[in-house]
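Here's a quick briefing on a chain and its ligand. Have a look at the fold first, then read on.

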Amino acid sequence: MMDFFQNVPKIELHAHLNGSLSNRTLLELGAMKYGKDNPGPSNDECFYRITNGQNLTLKECFQKFKYAHDLTDQPETLRYATRAVIQDFAADNVVYLELRTTPKKTVHMSKKQYLTTVLETIRTAQNEIPSITVKLLPSIDRSKGLQEAEENVSLVIELCQEYPDIIKGMDLSGAPFGTRFSDFGNILKKAQAHRLKMALHCGEFEDDDEIQAMLEFGTDRIGHGTFIKGVNLQNAKKRGIPFECCLTSNVKCSTASSYEEHHFKKLWEEGFAVCICTDDFGVFDTSLTQELRTCSEIFGLTTQDILRLQENTIRYTYANDEEKHKLTEIFNNFRKTMKID
Ligand code: 6MZ
């Protein structure tokens, strides 16, 4: 039987570049950086276990970020990685992708070179892989402090002059512990003043005041939103702010106790604006196809519901009107081909 979940056109709005490197890509990057015979960054047991698909502990899952960052610290490997991620999403029938990444200064690149390399790779991919439209939401890693945040915002404001068709907004992510959103608010406002959309990680841990501050600040989408409740939840609904739900990521990180208990269920049933995303498909060993299948199996969404979920997601993208219209046509054609009303 045709696999509906694979074939349905898909929209991905929450994907971190370095979390979206498949095991194959990690191995290829390892070979590029360290040579074929010694592809592991330090040739250690964990890297071997990761790339051979063995079961991992959560700590080992997060270890993947460390490997990914080591392997994408040169323009050549970063270019290769960005291209591979776009290709993998396209192969999963993702037709529109908003990718995020944190600009990094490495021994081989400045932050500007890092971001320009990703942007140029996206630009080239638009011609070479026309089935997928790709945008970029540069990230601030809040664990890296305010100076890094200032640098990232200035750089993004500078580069969005040159890449206005690709840079659409900014993301605030990273481990939130020990930092306060209020410290980042004024820095992010500068990006907001340049009409950049705010796709902030919000409510990934319990802190009602911080969630309230993010809603008042005016986040345009909510990354995860796992711990949003009470008045904040009602405010998010009233304003129609879309939630980016990442089922497997939340279960594997234990912010949701199980798929069954995931907050997507409530959001969907109560008519919130909500979409399904992968977060870090490489780290969490999933795909958007797999996430939609899980959604159907666990929450009972029919194929019609899944299609509606994807079509709704068009509205939550930061695409322009023409691009949204094209996406709508892709779904209309799919409905026609599949004979779905
Ligand atoms: C918060 C996350 C994340 O930017 O190097 N990142 N931040 N919560 C999550 N949920 C599990 N998953 C990924 O991609 C990797 C970086 O994205 C952020 C972290 O800062 C991680 O280092 P880039 O491309």
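Helix axes here are lines fitted to C-alpha atoms over the stretch in contact, with angles running from 0 to 180 degrees between N-to-C directions. Keep in mind that this is a predicted model: local features need pLDDT of at least 70, side-chain atom pairs count only at pLDDT 80 or more, and totals for chains, interfaces and linings use all residues. Residues are numbered from 1 along each chain as its sequence is written.

**Overall fold**
- The chain holds 15 helices and eight strands (DSSP runs numbered from the N terminus: H or I of at least four residues for helices, E of at least two for strands).
- Its C-alpha atoms fill a box of roughly 50 × 50 × 40 Å along the principal axes.

**The α5/α6 pair**
- The axes of α5 (residues 75–91) and α6 (residues 111–128) come within 9 Å and cross at roughly 40°.
- That makes α5 oblique to α6 (angles under 35 degrees count as roughly parallel, over 145 as roughly antiparallel, 65 to 115 as roughly perpendicular, the rest as oblique).
- On the α5 side, P75, L78, R79, T82, R83 and I86 make the contact, while α6 brings Q113, Y114, T117, V118, T121, I122 and A125 (contact means C-beta atoms, placed from the backbone, within 7 Å).

**Around the ligand**
- Of the 18 residues around the ligand, H16, N18, T101, T102 and S173 come nearest (a residue is near if its C-beta atom, placed from the backbone, lies within 6 Å).
- α4 (58–71) and β3 (133–141) each supply at least two residues of this shell.

Technical notes: Contact = placed C-beta atoms within 7 Å.
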